[in-house]
Amino acid sequence: MTHQLKLFFEDDHEAVISCGPDEDVISAALRQGLILMSECREGVCSTCKCFLADGEYSELLPHSVYALSPSEQEEGYVLACRLRPTSDMEIEFDYPFSMVQQYQETERRGSLDQIEMVSDTVARVVVRTMAAQDPLRFLPGQFVRIALTNGVSRDFSMANLPDDSRRLEFFIRVYPDGEFSSYIAGEASHGEQVTLYGPRGKFILRDNDRTPVFIAGGTGLAPVLAMLRQLAAERPAQPAVLIFGNTNVGDVFGADELKVVTEQLPNLHVVSGVVNPDDSWTGEVGTATEIAHKYISENDRSQFEYYYCGPPKMISATTQMLEAASVARDLCHHEDFVPSRMEETNG
C-alpha cells in the first residue's frame, strides 16, 4: 500500500510525496524529484534525522546509535533513510526547503594547492577546483567528500566562505595510521588531483536575533570558522561565543584565523580549553562540553542558540548537557564526524 507523506520544513514550506511499501523516505522523495538532505544513506550519519510528528512504522532499518540514539527515537526522531512508513505520515525537517532546491550535490575536479601542518596533529589543506567548472556554491557549515586518486575518501567541512576564487580551505586531523590523513600530511604533493562531492549537510547558521554559542571540538572548528566568517561579513555587530576544546596543547590551532575573525567580529567572545594542560597553558582546562557547561551556567542563556561540531563522543555529551539544562531541541544544531580512527577524548 502506498502512503502519503506530508513534509514540513523550517521556513514553513510544505511538500507532499507518496511512499511505497518497500521504499524509505529519502528514496521516495528522490523518485518524485525532491532531494532531501542526506549523505550515507546507510544510517551511519545523522544528516537525514527528522521528527515524526504523526504516523507509524514497524521499525527503523539498521542504523548507528551515533546517528540516532534510543532516547531520540523514543522522543519521536527518525532517520529518513531508515524509515519505511506503514501509514500516512507528517514529518518535520529542521532546515529550510531552500536548501533542498538550491544546493544539489555535484562532482568537481580539483587539485591540492596548499598543505601545511598548523599544529602537532592538524593539517591545513587548500583545494583549488578546476576552472572548467563553476566555483562550488555552498552554505557556511556544509562539507564535501574528498576522494584521492587511490580511491580513499573522507568528509571534511569547508572553513572558508564561498566565493569565486575556487579555493576551499579544510582543517584535517592527522592520524599516524590514518589512510587518508597520513597520506595528505606525508605523501601528497602540490597539484595532486582530487575529486569533490557535495556540498552536503544541514549544519548551517540560522538567521535570527539569538546569540549563537559555538562549541567546537578539535577540527570541528572548521565549519564553525566558516559560520563566524559569515557573521563577520553579514552581521559584524552580532554578539557570539566560541568555546574551542582540544585534548592537548599541541593540538590547538587556528589562532591566526580567530585573531582576524575577532577583529572583524568584535562582539565575539572566545574561550579555549584543553584536557591535558602543560605549564604554558593559560586557558580553561577540561573538555569542550565541560567548558561549555560552565560558561552557560554562569551567564544569562535566555537568548542563546547552540551550534556544536566534533567527534561523536563530544556530540553525545554536549547533547546530554544541553538536555539537562532544559534547552529546547530546536535551539540545538550539530554536525558530528566519524574519522577513520575514532577520537576517544575531547568529549
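Tutor: Let's start with the rule for sheets: two strands pair if DSSP finds at least two bridges between them. Strands themselves are DSSP runs of E with at least two residues, helices are runs of H or I with at least four residues, and both are numbered from the N terminus. The model is predicted, so local features need pLDDT of at least 70 and side-chain atom pairs count only at pLDDT 80 or more, while totals for chains, interfaces and linings use all residues. Residues are numbered from 1 along each chain as its sequence is written, and side-chain values use heavy atoms, with hydrogens and water left out.

Student: How do you know that S3 and S4 pair?

Tutor: Strand S3 (residues 49-54) and S4 share three bridges in the antiparallel sense, and the rule asks for at least two. Phe51 has Tyr77 as its bridge partner in S4, and Cys50 stands opposite Val78 there. S3 also pairs with strand S5 (residues 89-92), antiparallel over three bridges, and in S5 the bridge partner of Phe51 is Glu92.

Student: What makes S2 and S4 edge strands?

Tutor: The open sheet has five strands in the order S2-S1-S5-S3-S4, with mixed pairing. S2 and strand S4 (77-79) each have a single partner strand, so one side of each is left without a neighbour in the sheet. From one strand to the next, the twist averages 35° (axes are lines fitted to C-alpha atoms, for helices over the stretch in contact, and angles run from 0 to 180 degrees between N-to-C directions).

Student: Now the rings: why is the pair Phe156 and Phe180 called tilted?

Tutor: The whole structure has twelve aromatic pairs. In this one the centres are 5.2 Å apart and the planes are at 45°. Rings of Phe, Tyr and Trp (its six-membered ring) pair if their centres lie within 6.5 Å; planes under 30 degrees apart are stacked, over 60 edge-to-face, and the rest tilted. So the pair counts, and its angle makes the pair tilted.

Student: What does that pair tie together?

Tutor: Phe156 sits in strand S9 (residues 153-157) and Phe180 in the loop between strand S10 (167-173) and helix H4 (181-186), so parts 24 residues apart in sequence are tied together.

Student: How do you know whether Phe156 and Phe180 are buried or exposed?

Tutor: Buried means under 20% relative accessible area, exposed over 50%, and partly exposed in between (1.4 Å probe, protein chains only). Phe156 comes in at 13% and Phe180 at 2%, so both are buried.

Student: What makes Glu23 and Arg31 a polar contact?

Tutor: Their side chains come to 2.7 Å. The cut-off is a pair of N or O atoms within 3.5 Å; within protein, one must be able to donate a hydrogen and the other to accept it, and residues adjacent in sequence count only if both atoms are side-chain atoms. A polar atom of the Glu23 side chain also lies 2.8 Å from the backbone nitrogen of Gly20.
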